[in-house]
Amino acid sequence: KRFTKLFHRSFTYLEYGFDYSQVDSIGKQDKKYDAVFLSRLVPFKGVEDLVCVWEKVVSILPKAVLLIIGSGSEPYKELIQERIRTKNLVSNIQFAGQIRGLEKFKLLRQSRVFLYFSHFESYAQVIDEAIASDLPIVAYDLEVYHSRSQYTDALYLFPIGQYDKAASKIIDILQDPIKHRNKIEKKFPHWKHFAEQETEFL
């Protein structure tokens, strides 16, 4: 009984994943944002890198707008907003706060490219969410992302801190969306197979 009680307290069930069919039911959305970032606003997620990269994008595309989805502590959010003000990017970066469910996927599909400059990830479901939303992705080159290349040909990875190269790719995507659009191909059988593999593992 004592062991059972200890075991019961040591594990917590957490929901993970998303319903692909529900995401697909949203359909196409009019593009409102040039880029979107989705994550908790904490230092290791690369939010400060994001602002630096976006500054370089805006130097070439002055009207480009980035949407940041996610929440964080007020002190850290204020630090980020101060960086944005210092770099004169107030009109180029918008905050949506924490958004969940289908509304989150609507915002993803209203964007042209997904940006993610996290320095460390154990999995990063947001990459899957971006793929499901038919977005090209520009991110730092973390090993955990490499298996995602089987789901999309529009996953562009760069070494941590390579702001110029990341910005150049973002600009290329925004200036020639058709070329990159043709690289986005939903491979639903692969998603289904992936789900079956995970179910067998569990």
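In this predicted model, strand β4 (residues 114–116) and strand β5 (residues 137–140) pair in the parallel sense over 3 bridges, where pairing requires that DSSP finds at least two bridges between the strands, and where helices (H or I, at least four residues) and strands (E, at least two) are DSSP runs numbered from the N terminus. Within this pair, Tyr116 lies opposite Ala139 of β5. Strand β5 also pairs with strand β6 (residues 155–158), again in the parallel sense, over 4 bridges, and here Ala139 stands opposite Leu157 of β6.

Residues are numbered from 1 along each chain as its sequence is written. Local features need pLDDT of at least 70 and side-chain atom pairs count only at pLDDT 80 or more, while totals for chains, interfaces and linings use all residues, and side-chain values use heavy atoms, with hydrogens and water left out.

The protein has 9 helices and 6 strands, and of its 202 residues 43% count as buried (under 20% relative accessible area, with exposed meaning over 50% and partly exposed in between, for a 1.4 Å probe and protein chains only).

Helix α4 (residues 74–86) comprises 13 residues and reaches 18 Å from its first C-alpha to its last, close to the 18 Å expected at 1.5 Å a residue, the expected span being 1.5 Å times one less than the number of residues. Its buried residues are Tyr76, Ile80 and Ile84. Viewed down the axis of α4, these buried residues fall within an arc of 85°, so they line one face of the helix, the arc being that of the directions from the helix axis to the C-beta atoms. The face of α4 turned away from this buried side carries the exposed residues Glu74, Pro75 and Thr86.
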